[in-house]
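Thank you for asking me to look through this model with you.

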Amino acid sequence: MVLLKMKFNQQRRVRLAQGLWLLSWLAVMCGAFIFCLGVYLKTELLRRDEVMENTEIHVVPNILMMVGLASIGTNWVATRVCQDSLDASRFPRWKVLLLAWFVVAALLCCLLLAVVVLSYALQGRLEESLKVGLRNGIRFYKDTDVPGRCFQKETFDRLQMEFRCCGNNNFKDWFEVQWVSGRFLDYTAQEVKDRIRSNVDGRYLLDGVPFSCCNPASPRPCLQYHLTDNRAHFNYDYLSEDLNLYSRGCRQALTDYYMGLMNSTGPGVLSVILIQVSVILSLRYLQTAVEGAMALENPEGDSEGYILEKGVKETFEEVKVKVLTMIKLAQVDPEGVPDEAEAEKAADTATEKAASPTPAS
Amino acid sequence: MALMVVKFDLKKRVKLAQTVWFMYWFAVLAGILVLSMGLFFKIELRKRSELMDNNESHFLPNLLILMGLIACGINAFGGKVCYDSLDPVKFAKWKPMLKYFLVFCVCFNGLLLLTSLLCFLMRIPLQFTLAEGIKNGMKYYKDTDTPGRCYMKRTLDLMQMEFRCCGNDNFRDWFEIQWVSNRYLDFSSKEVKDRIGSNVDGQYLMDGVPFSCCNPTSPRPCIQYQMTNNSAHYSYDHYTEELNVWKKGCRDALLSYYGGIMNTIGALVVLVTMLEVAVTVGLQYVNSSLSTLVNPEEVESESEGYLLEKTVKETFTDIMAKMKAMGKGGKVEEGGEEAVATVS
């Protein structure tokens, strides 16, 4: 019982080949689009590399780039097959390749689906990576004279200004870290000595934030220092002031940004999967219809196109049997001689047994 | 004696017509490019019109948009004429107006060149507009409670952060105006009273700048207040401190930004002008080669194509004579009527 049989006359075959040729070129463009998407995502992730602790999230753009390139090649092969499909002398050379083509194309669709799933699944890992990276960024903010970390301050300031965020979870993260370098602290001043003595590690902690946390939309000039002291500023209430600094934490801001990027690519990737699946199905129809036509006495006559020669279950059984025999052959060959001897013995005993009853009868 | 004569047979004519048709399509794209550049420039000016006192001149972007539209129109028409030139029947209906069309094209090319020149010159009035606009913007920085000006603070802060600049000429411009709103000043404190009493206008002036002037590349946390007081900060010398706040003034920063845009647009318009001149020359050759057929009935006969029918001098004297004749023709008619009137 054939799966999804369709009749094709010569005209329909020609139309199918032409339509599929156009669809394959569209799929090539889609492959290029997927590649560019991967490149864009990768550059965006690399730009903020310094505040991310690990690169696990990079698997999404890497797969996108690989699939994009593979898809361009695969669909280009499909266009060549379409061009040759109506020429009986040139089509047979593609016969061998087509099974491999179907496997590769199906694999690409699966990989694209996996990318969509991964982009949601890796959100937790991204947040973890950002949490550690940002915490380190805040800790090393003051180390502008340590080689290897001297750009942390600039990077972090620019990050906070661009994403309109402050600190890791919120601005209070800055209260727990010494973010003023010791080079600019007057250790003879009473205030400095008090602050350093007020905690176990001897750090200069203050209830202030860097200037990059300031919110330009605030109606008053930015208050950076003595944030918890209402008396230090005129007409200021620390608990009700919400426009002075950015209220969002940078981890939340960056996660939202990257999730937004990946979600907006979701529909595009899904439609590319759809186009690829339709290319696969149409090429299968074209292959079976053209092969059927070439087997006829009159090549221009009607032929049948189908997806699977037998039903799904039967095809699956056949494939399973083929794969098992291939595995068995691979296992049998190393122990080739003793098995053959055993087989011969078994054959001999069988013939003996067949021979022995006859005298009795 | 015609100018720059080239001999044409049928094959050469067909090739010329096809090439010029192809070039006309590029010229249409170039017209669209000029249009989009005009639109882009207009949008950029509108985006920062608050900093220019809403006073900026939109003459240049409007002119670019107009030129782009006209260019698209005449290039599409020229392309159609070239396409039809291979068919004598179709070409015959375009022939009478082709001369005037070519003259119009030449004038348009001159205007395009003028536009590109303007692009380079418009920098000068922009400089004055920006200086006025930023100065007024800084004056209204503190007025976050006045309707109509409440977003000036945010606009200025965002501009200083984006363009990495501070003040009009430099950061000291902030020392000369009151940029802290009175709502946040404690008028009962001595410090505030001293500062207000220290100047004629009773303004709260201080040697400090807003946070948006801060430079992130500075190794130390930003010093915004008491900037000229070395003893107020540890290990600080305001004469040698370079990285603390942005050194550039916002007028210069914005001017170089817009200057860059205008220079690029000017250069592109020059290139578009050259393309337009090329297609006009091509169309003139197509026209002239089809009007000098040796045997008008036979399509395959040879012909000559030229740039001008006579030499430059003779063409010029012809044009002057025509214009004089047109001028005289007006006068002669009046004289003739009078003469008739007197006679009768």
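1. Over which residues of chain A does pLDDT stay under 50, and how many contacts beyond four places in sequence does the model have for them? The stretch is residues 337–361 of chain A, and the model has zero contacts of that kind for these residues. This is a predicted model, and where pLDDT is low, the predicted coordinates should not be read in detail.

2. For chain A as a whole, the mean pLDDT is 87, and 92% of the residues reach 70 or more. Within this chain, confidence is lowest in helix α10 (residues 357–360), where the mean is 45, and highest in α5(A), at 94.

3. Chain B has an average pLDDT of 89, with 94% of its residues scoring at least 70. Its lowest confidence falls in helix α8 (residues 312–343) of chain B, with a mean of 71, while its highest, 94, belongs to helix α5 (residues 152–163) of chain B. For the complex, the predictor gives an ipTM of 0.78 and a pTM of 0.79.

4. Turning to the domains, chain A is divided into domain 1, made of 3–137 + 255–318, and domain 2, which covers 171–247; the C-alpha centres of these two domains of chain A lie 55 Å apart. Chain B is divided into domain 1, made of 6–125 + 253–325, and domain 2, again given as 171–247, and here the C-alpha centres of the two domains lie 57 Å apart.

5. Two packed helices are described by the angle between their axes and the distance between the axes. In chain A, the axes of helix α1 (residues 10–47) and helix α2 (residues 59–85) come within 7 Å and cross at roughly 165°, which means that α1(A) is roughly antiparallel to α2(A), as angles over 145 degrees are counted that way. The crossing of α1(A) and α2(A) is left-handed, and the residues of their contact divide into 21 nonpolar, ten polar and one charged.

6. Also in chain A, helix α4 (residues 123–139) packs with helix α7 (residues 250–295) at an angle of about 140°, their axes being 10 Å apart, and the crossing is right-handed. Among the residues that meet there are A:Leu126, A:Leu130 and A:Leu134 in α4(A), and A:Leu254, A:Tyr258 and A:Met259 in α7(A). The residues of this contact of α4(A) with α7(A) divide into seven nonpolar, two polar and three charged.

7. In chain B, helix α4 (residues 123–139) and helix α7 (residues 250–291) pack at an angle of about 145°, with 10 Å between their axes, and α4(B) passes α7(B) in a right-handed crossing. The residues that meet include B:Leu126, B:Leu130 and B:Ile134 in α4(B), and B:Leu254, B:Leu255 and B:Met262 in α7(B). By class, the contact of α4(B) with α7(B) has nine nonpolar, two polar and two charged residues.

Terms used
Residues numbered from 1 in each chain as written. Chains lettered and ligands numbered in written order. Predicted model: local features only at pLDDT ≥ 70, side-chain atom pairs only at ≥ 80, totals over all residues. Heavy atoms only, no water. Axes fitted to C-alpha atoms, helices over the stretch in contact; angles between N-to-C directions. Helix = DSSP H or I, 4+ residues; strand = E, 2+ residues; numbered from the N terminus. Parallel < 35°, antiparallel > 145°, perpendicular 65-115°, else oblique. Left-handed = near helix turned anticlockwise from the far one by under 90°. Nonpolar A, V, L, I, M, F, W, Y, C, P; charged D, E, K, R; others polar. pLDDT = per-residue confidence, 0-100. Contact = heavy atoms within 4.5 Å. Domains from an automatic or database assignment.
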